[in-house]
Amino acid sequence: MRAVILVRHQRSHPSPNEVGPQAAMVLESLPGVSQIRIDREEAHRATISYKWKDPGIHSPSVGAALASRGMELV
């Protein structure tokens with residue numbers, strides 16, 4: 001299944017870095033996530049799509065994984 005998310009830095013954790021590449025690195029670390037694409041990068045947010053397949057193991061949710069790195073789903 002292909003998923004599309006909109007990500008930004010948390011307001012409490014602003015960053016001068018682009019959010020797209022940072023979020024892509026977080027997604028790469030999750031089991032079952034592949035074919036990550038930054039579809040659109042804006043000043044403070046990014047639209048990212050990826051393919052997801054349930055690997056059958058417990059892993060953190062995308063939202064929790066992003067939050068651990070100072071980002072959030074919009």
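User: Is Ala24 buried or exposed?
Analyst: Bear in mind that this is a predicted model. The relative accessible area of Ala24 comes to 10%. Buried means under 20%, so Ala24 counts as buried.

User: Which element holds Ala24, and which residues is Ala24 in contact with once its neighbours within four places in sequence are left aside?
Analyst: Ala24 sits in helix α1, which covers residues 19–28. Skip the neighbours within four places in sequence, and the contacts of Ala24 are Ile36 and Ile48.

User: What separates the C-alpha atoms of Ala24 and Ile48?
Analyst: Along the chain, Ala24 and Ile48 are 24 residues apart.

User: What does Val7 pair with in β4, and what stands opposite Val7 in β3?
Analyst: β1 is also joined to β4 (residues 71–73), with three bridges and an antiparallel run. On the β4 side, the bridge partner of Val7 is Leu73. On the β3 side, the residue opposite Val7 is Ala46.

User: What pattern does the protein chain follow along the sequence?
Analyst: Count up the secondary structure and you get two helices and four strands. Read along the sequence, they come in the pattern β-α-β-β-α-β.

User: Which phi value does Gln35 have, and is Gln35 buried or exposed?
Analyst: Most residues other than glycine have a negative phi. Gln35 isn't a glycine, yet its phi is positive, at about 50 degrees. Gln35 is placed in strand β2. Its relative accessible area is 52%, and since the cut-off for exposed is over 50%, Gln35 is exposed.

User: What radius of gyration does the protein chain have, and what would a compact globule have?
Analyst: For 74 residues, a compact globule would come out near 11 Å. The protein chain agrees with that, because its own radius of gyration is 12 Å.

User: What box do the C-alpha atoms fill, and what share of the residues is buried?
Analyst: Taken along the principal axes, the box is roughly 35 × 25 × 15 Å. Of the 74 residues in the protein chain, the buried share is 28%.

User: Among contacts between residues at least 6 apart in sequence, what share joins residues at least 24 apart?
Analyst: For the protein chain, the share is 58%.

User: How far apart do the centres of the positive and negative side chains lie?
Analyst: The protein chain carries 9 positive side chains and 7 negative ones. The centres of these two sets lie apart by 4 Å.

How values were computed: Residues numbered from 1 in each chain as written. Predicted model: local features only at pLDDT ≥ 70, side-chain atom pairs only at ≥ 80, totals over all residues. Heavy atoms only, no water. Pairing = 2+ DSSP bridges. Rg over C-alpha atoms; globule rule 2.2 N^0.38 Å. Buried < 20%, exposed > 50% of the residue type's maximum accessible area, 1.4 Å probe, protein only. Contact = heavy atoms within 4.5 Å. Lys, Arg positive; Asp, Glu negative; His and termini not counted. Charge placed at Lys NZ, Arg CZ, Asp CG, Glu CD.
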